[in-house]
2 protein chains.
Amino acid sequence: MEQTQRRRGAELEAVLLDAAWDELMESGYTRFTMEAVAARAHTGKQVLYRRWKNRAELVISAMRHRNGSIIEDIPDTGNLRDDVLAILQRMADRFESVGPEVVHGLLAEAPDLDPEVYSRMTGVMETIVQRAAARGEIPTGDVPERVLTAPTNLLRHEMLLAREPVAASTLTSLVDDVFLPLVRTSAPH
Amino acid sequence: MEQTQRRRGAELEAVLLDAAWDELMESGYTRFTMEAVAARAHTGKQVLYRRWKNRAELVISAMRHRNGSIIEDIPDTGNLRDDVLAILQRMADRFESVGPEVVHGLLAEAPDLDPEVYSRMTGVMETIVQRAAARGEIPTGDVPERVLTAPTNLLRHEMLLAREPVAASTLTSLVDDVFLPLVRTSAPH
DNA sequence: TCTCCTTAGAGACGATGCGTCTCTTACGGT
DNA sequence: ACCGTAAGAGACGCATCGTCTCTAAGGAGA
């Protein structure tokens, strides 16, 4: 009956991160406690604190462990509109897998995290736009950064403040009403 | 030495809200405690809890008490660009008066608040754009909502995620690179 | 002017959960 | 076979939440 087997190293770490993720899904961020994670993993709190400085770090690790790292294969559908839609859809999916409460909790407790979060997308959009320019879809690939990041930033804003699942029409509206008009007419420099 | 005068009604309430505001400025949101507010106001916690359900409500009341309610005199400079810049500048000022830490704290603890926060601007922008159309500055006042709210939403996104004072160049870039190009070319419906 | 009723002011209280400390003992390395 | 690291378990001190209790101030009404 007694399980005297002690977990170690990577095996133990995976168990801890899975327990943390499950706890996060069940209780959300504000009711996410180290005690509960430890209990769920049948271990003590010290085992957690030996690896992560605090709640926030454990939650971030758990999310990364579950969802993998940031997207680095850039969509290439051969079509600007679909490329951007694909990016936005990925962001929405990712956001929905954790929910707004968790994101707000992290934003409040782990302030150092957010610059990283949103500067990552610029490069992706740049590549997408340059490909579109090379195909002749738009007049130039030299688009102001403000325009490049507009759709992803607007989506992020929407996800953070309207705490509902993002409608598909939101994504198309961002692309058709805002992004495409801008890149079609944007003058270089 | 003993102050036996008891404050009452509106007078007391003002003292409590001032104490809360001072505490918020000094300690920020995460270290803002009801105990400290009560002590600063030379009263007991019950006096606070009799008026506000919890921390978040007290903080919101204190902010409203200090900064007045939302902006309802719409800028009218006779010029679309300056009108929008004025709105954005007001948002930035308001945000800076409390700082990102407080806003994130509230967003995490008072989820019901945010729809109100960001839906308020739509009407303001609508009026500004319609005036500009009436002056003949832009082809039509019938601008998609997504475009109307783009500059304020992008600014809010920036304030929430880049925890630095907003640069003046950010505001002009939002207007010149994003908003004006969109309203100049936007086709109705 | 006296009485009564609300509530200010003050602090104790139980509950929760953080992050630290301590203790025993499993188990992998040498 | 030995030893040192760290797992598993839980006690601990601290902070702070929100509730409860008590005394007496001072306004309202007779």
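This is a predicted model: local features need pLDDT of at least 70, side-chain atom pairs count only at pLDDT 80 or more; totals for chains, interfaces and linings use all residues.
The next place to look is where two helices of the protein chains meet. Helix α9 (residues 150-161) of chain A and helix α9 (residues 150-161) of chain B have axes that come within 9 Å and cross at roughly 75 degrees. An angle of 65 to 115 degrees counts as roughly perpendicular, and α9(A) and α9(B) are therefore roughly perpendicular to each other. On the chain A side, the contact is made by A150(A), N153(A), L154(A), R156(A), H157(A) and L160(A). On the chain B side, A150(B), N153(B), L154(B), R156(B), H157(B) and L160(B) take part. The contact of α9(A) with α9(B) has six nonpolar, four polar and two charged residues.

Now consider chain A as a whole. Chain A has ten helices and zero strands. The C-alpha atoms of chain A fill a box of roughly 70 × 30 × 30 Å along the principal axes. The radius of gyration of chain A is 20 Å, whereas a compact globule of 189 residues would have one near 16 Å. Of those 189 residues, 32% count as buried. Among contacts in chain A between residues at least 6 apart in sequence, 66% join residues at least 24 apart.

Definitions and conventions: Residues are numbered from 1 along each chain as its sequence is written. Chains are lettered from A and ligands numbered from 1 in the order in which they are written. Axes are lines fitted to C-alpha atoms, for helices over the stretch in contact, and angles run from 0 to 180 degrees between N-to-C directions. Helices (H or I, at least four residues) and strands (E, at least two) are DSSP runs, numbered from the N terminus. Angles under 35 degrees count as roughly parallel, over 145 as roughly antiparallel, 65 to 115 as roughly perpendicular and the rest as oblique. Two residues are in contact if their C-beta atoms, placed from the backbone, lie within 7 Å. Ala, Val, Leu, Ile, Met, Phe, Trp, Tyr, Cys and Pro count as nonpolar, Asp, Glu, Lys and Arg as charged, and the others, Gly among them, as polar. The radius of gyration is taken over C-alpha atoms; the globule rule is 2.2 Å times the number of residues to the power 0.38. A residue is buried if 20 or more other C-beta atoms lie within 10 Å of its own, exposed if 12 or fewer, and partly exposed in between; C-beta atoms are placed from the backbone.
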